[in-house]
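These are my notebook entries on one structure. I record what I looked up, entry by entry.

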Amino acid sequence: MTVTTLAVFCVLLIGLPKYGETINKLPPYISPCRQDDPKLGDCILKNAKATLPKVINGEPKYRVPNLDPLLITELKLRQGTDSVGLKLAWKNAEFHGLKSVQPLSCEASTKTRHIKFEVFVPQISITGTYSATGRVLLLPVTGSGPSNITVQNMKVTYEMGWDVVKKNGKDYMDIVNNKITLRDIGFMTMKFENFFNGDRILGGNMNRFLNENWKELAKEFGPGVADAMGEVFLLLSRRISEIVPYDIIFKS
């Protein structure tokens, strides 16, 4: 029996908008969409494709930090299978590859207040100093040092819903639900230095074993990578929706 536990904590180190702050226009690379547009999803998809290249290096006016690499202050992954029981943790890891994200399709409705994206990610990497404890094939595993987990050809579905709230006499989007679902991973590689306190033979064999069994490990680690990416999508949505009135984002 396979037991899986996954925890991800992603804190984006930027200030929140000041209460009551309003910007009465969208960024020049985003076009307003009409609420009654029968092709609303296409309009939002076009904006999503235009936005990422413009904000990948940060957008101070809308309090978007540099996104590639993006600092993840804390990340925890736990793998539990018949052969692998491994806990991994990072402090101040870096998330590389968001500039390659490709929104493929979008379904949206202002009546149900729901948006659904299908997204393809050619390559995403997490780098940083890890710490590990656990067992692999009954062998105790410990280690701490540089690491790299790279996921290729990832497909995810990202969904979000919202309420409309009034602030200072104007309506704003309040994002209340967001969910990211991992659909597929094409390939995953891992490299952990200093396994077994620097024993090069044991550490090399362990890295080889992990990479030979990447498909099994991806079932557990992949959702963690996707969850961290979902936090970025939520950040970008809120940076706009919290300070730009609803009727400017969606024309009536």
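**Entry 1: Salt bridges**

I looked up the charged pairs and found that the structure holds seven salt bridges; a salt bridge is a side-chain nitrogen of Lys or Arg within 4 Å of a carboxyl oxygen of Asp or Glu. I note that this is a predicted model, in which local features need pLDDT of at least 70 and side-chain atom pairs count only at pLDDT 80 or more, while totals for chains, interfaces and linings use all residues. Residues are numbered from 1 along each chain as its sequence is written, and side-chain values use heavy atoms, with hydrogens and water left out.

Lys 76 is partly exposed at 36%, and Glu 74 is partly exposed at 22%. I also found a network of salt bridges that links Glu 74, Lys 76 and Lys 91.

Next I recorded the salt bridge between the side chains of Lys 179 and Glu 159, at 3.9 Å from N to O. This pair links distant parts of the chain, 20 residues apart: Lys 179 is in strand β8 (residues 170-184) and Glu 159 is in strand β7 (residues 139-167). Helices (H or I, at least four residues) and strands (E, at least two) are DSSP runs, numbered from the N terminus. Lys 179 is partly exposed, with a relative accessible area of 48%, whereas Glu 159 counts as buried at 17%.

I then noted the salt bridge of Glu 242 with Arg 239, whose closest N and O atoms are 3.1 Å apart. Glu 242 is partly exposed at 25% relative accessibility; Arg 239 is buried at 4%.

**Entry 2: Cysteines**

I searched for disulfides, meaning pairs of cysteine sulfur atoms within 2.5 Å, and the structure holds one. The bond joins Cys 33 to Cys 43, with an S to S distance of 2.0 Å. Cys 33 lies in strand β2 (residues 33-34) and Cys 43 in helix α1 (residues 40-55), so the link ties together parts that are 10 residues apart in sequence. I read -90 degrees about the S-S bond, a left-handed link. Both Cys 33 and Cys 43 are buried.

Cys 106 counts as buried, at 12% relative accessibility.

Contact here means heavy atoms within 4.5 Å. Not counting residues up to four places away in sequence, Asn 47 touches Tyr 29, Ile 30, Ser 31 and Cys 33.

I located Val 64 in the loop between α1 and β3 (70-80); Val 64 is buried at 8%. Leaving aside neighbours within four places in sequence, Val 64 is in contact with Val 55, Gly 58, Glu 59, Leu 236 and Arg 239. Val 64 and Arg 239 are 175 residues apart in sequence, yet their C-alpha atoms are 6.8 Å apart in space.

**Entry 3: Helix α3**

I checked the length of helix α3 (residues 214-241): at 1.5 Å a residue its 28 residues should span 40 Å, and its end C-alpha atoms are 39 Å apart, which agrees. The expected span is 1.5 Å times one less than the number of residues. I found a kink of about 45 degrees at Glu 220, shortly before the proline Pro 223; the bend is the angle between axes fitted to the seven residues ending at a residue and the seven starting there. In α3, 21 of the 28 residues are buried, so this helix is largely enclosed by the rest of the structure.

**Entry 4: The whole chain**

The protein chain has four helices and 10 strands, in the order β-β-α-β-β-β-β-β-β-β-α-α-α-β from the N terminus on. Buried residues make up 45% of its 252 residues. Of the contacts with a separation of 6 or more, 72% come from residues 24 or more positions apart.

Methods. Buried means under 20% relative accessible area, exposed over 50%, partly exposed in between (1.4 Å probe, protein chains only).
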